[in-house]
Amino acid sequence: GTPAPKSPTGASYATPPAANAQQGAYLTTSAGTRLRDTDHSLKAGPRGPILMQDHHFREKITHFDHERIPERVVHARGAGAHGVFTSYGTASALTRARFLQKDVETQVFVRFSTVLGSRGSADTVRDTRGFATKFYTEEGNFDLVGNNMPVFFIQDAIKFPDIVHAAKWHPDREIPQAQSAHDTFWDFVSLHTEAQHHTIWNMSDRGIPRSYRMMEGFGVHTFRLVNEAGETVLVKFHWKPKLGVHSLTWEEAQLAGGVDPDFHRRDLYDAIEAGAFPEWELGVQVFPDTPEETFAGIDLLDPTKIVPEELAEVQPIGRMVLNRTPTNFFAESEQVAFHLGQLPPGIDVTNDPLLQGRLFSYLDTQLTRLAGPNFNQIPINRPHVPVNDMLRDGFHQQAVHAGVAPYRPNSLDEGNPSVDKKDGFVDVPVRIAEAPKIRQNPVSFDDHFSQARLFWLSMSPVEQEHIIRAYSFELGKCYEQAIKERQLRCLARIDPVLCSSVAEALGLPVPAPDGPIAEVTGSPALSQIGHEWPAD
Ligand code: HEM
């Protein structure tokens, strides 16, 4: 196994022991009674019916009948691995988080996933990929729940059920299982045009990664770091794969998906077992924490926008190596529960309305998926530090809590836990603008096309060709002509060549755009990005 990671204080954070199971030499019931036979049910004579009193039969069948739990409502298909994160210490001036101080090693568990398909769907479909990392830090767990694309479809979490209903299967025939090739998806993204930027990333080769080992990861939202002195900066997190970013071609994806629907899962496990440990560098783009929360004219609270790396370099802060496959898929990859609110002192959230909604959703869904409020007691979710909370009882409670007064302060129990004013979690006292309560976005959120155009312009000719073919194939699967036409009008706002090429492939007239062709807005430097590719 992996050696227990070190901390600056020399303490060790070994994985907690698994629940009692597979001990002793003899087969037993779940209550520990040794069995003489497990192959024959207890019957009224060799040819008779099974007797109700056969407890072993009933326990064995009942347990089997209840083996499945609900799959995740999104990101159901995935695979995980264990590893180690080593911090360079380059972020130590920005954050007090101890796992980001120099040379600290922290155990991690990472789960990669597709978004749309069911648990048994193919790995190789065109989709966004999840990239979720649980750092078992010496100050409690930190979950960085990101994707392999740096932007998201929507700006406000209240639309998440809507985009997922539109992007998952049609409710009547439950097709397609796992691809964005259908009417409701294109209906949504052409009507909710903030989704156009994420959609063009999906239609690019990033939508069909070659391997989990060859994907970037992005925290997407802007986070706030706070250091010992209470000073803050805004950051975006990036994972950079050591092997570089590579994709399948569409034809390869079709073949691999047919021959081996487990293509990415197998690749991850085989690589680790062969000792070719997947590796990423974690980096941050750093922005001053100004009241406007913008950088180079880009709204840092808008999750449909990137900050180009040409304008804010990604500064490496640590390195992650995945070096151990799970022992049991269900216990680890299936039962792992990530949550953006699990933050160590030194990292805090911002007011990005997508992030804010996610803070509610994950805990809420896990209450159903993992049947009750005690899922942080499951081994894969347990922090590697002492826990002393005042949460009690509930389904699947494993702890035997002592004492009579689970509140503090109290005068009855000895040694009731103290709060830690020095090293406890820091809620950064960000000033909230004096503003009316309102259901409305900032005006800057109205720009839906400029960065989709920026992305298109930054592509090489062969990548542009792949994008054209992807839109043509996926839109070609729509039944409704009006939806194809509306999406073509969106493409016309991104780029005339993109629009006319897709229109031609679909056999439809080239439409006029619904609005002006996007300008790349923000800092003047933005308009310098792209355009540079020589013709073939
Ligand atoms: C699951 C990423 C937006 C709700 C996941 C997972 C990832 C992810 C990686 C899979 C975690 C795992 O492997 O267990 C993202 C990113 C988002 C985003 C990067 C935007 C930047 C949202 C929003 C909501 C949401 C806006 C809801 C308001 C969920 C839910 C799950 C999930 C309910 C299933 C969690 C579980 O069953 O444990 N997301 N997501 N996500 N996401 Fe998101």
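A crossing of two helices is left-handed if the near helix is turned anticlockwise from the far one by less than a right angle, and right-handed if clockwise. Keep that for the first stop.

This is a predicted model, in which local features need pLDDT of at least 70, side-chain atom pairs count only at pLDDT 80 or more, and totals for chains, interfaces and linings use all residues. Residues are numbered from 1 along each chain as its sequence is written. Helices (H or I, at least four residues) and strands (E, at least two) are DSSP runs, numbered from the N terminus.

**Stop 1: α4 and α9**

Select residues 196–203, helix α4, and residues 450–457, helix α9. Their axes come within 8 Å and cross at roughly 25°. Axes are lines fitted to C-alpha atoms, for helices over the stretch in contact, and angles run from 0 to 180 degrees between N-to-C directions. The angle makes α4 roughly parallel to α9. Angles under 35 degrees count as roughly parallel, over 145 as roughly antiparallel, 65 to 115 as roughly perpendicular and the rest as oblique. The α4 and α9 crossing is right-handed.

Now show the contact (C-beta atoms, placed from the backbone, within 7 Å). From α4 come Gln 196, His 197, Ile 200 and Trp 201; they meet Gln 451, Ala 452, Phe 455 and Trp 456 of α9.

Stay on Gln 196, in helix α4. Is Gln 196 buried or exposed? It counts as buried, because it has 24 C-beta neighbours inside 10 Å. The cut-offs: buried if 20 or more other C-beta atoms lie within 10 Å of a residue's own, exposed if 12 or fewer, partly exposed in between, with C-beta atoms placed from the backbone. Leaving out residues up to four places away in sequence, Gln 196 touches Val 189, His 448, Phe 449, Ala 452, Cys 490 and Ile 494.

**Stop 2: strand β3**

Select residues 129–137, strand β3. Nine of the nine residues are buried, so the strand is largely enclosed by the rest of the structure. In a regular strand the side chains alternate between the two faces of the sheet. On one side of β3 sit Arg 129, Phe 131, Thr 133, Phe 135 and Thr 137, and on the other Gly 130, Ala 132, Lys 134 and Tyr 136.

Strand β2 (residues 105–114) runs antiparallel to β3, with eight bridges. Strand β4 (residues 140–147) is also joined to β3 by eight bridges and runs antiparallel. Click Phe 135: it is the bridge partner of Val 108 and stands opposite Phe 142 in β4. A hairpin of two residues links β3 to β4.

**Stop 3: α11 and α12**

Select residues 481–494 (α11) and 496–506 (α12). The axes come within 6 Å and cross at roughly 155°. The two helices are therefore roughly antiparallel. Contact residues include Leu 488 and Leu 491 of α11, and Val 502 and Leu 506 of α12.

**Stop 4**

Most residues other than glycine have a negative phi, and most peptide bonds are trans. Select Ile 175 and Pro 176: a cis peptide bond joins them, omega about -5°. Another cis bond joins Arg 408 and Pro 409, omega about -10°.

Next, Glu 293, in the loop between β8 (279–288) and β9. Its phi is positive, near 55°. Finish at Ala 371, in the loop between α8 and α9. Ala 371 has a positive phi of about 55°. Ala 371 counts as partly exposed because it has 14 C-beta neighbours inside 10 Å.

How values were computed: Contact = placed C-beta atoms within 7 Å. Pairing = 2+ DSSP bridges.
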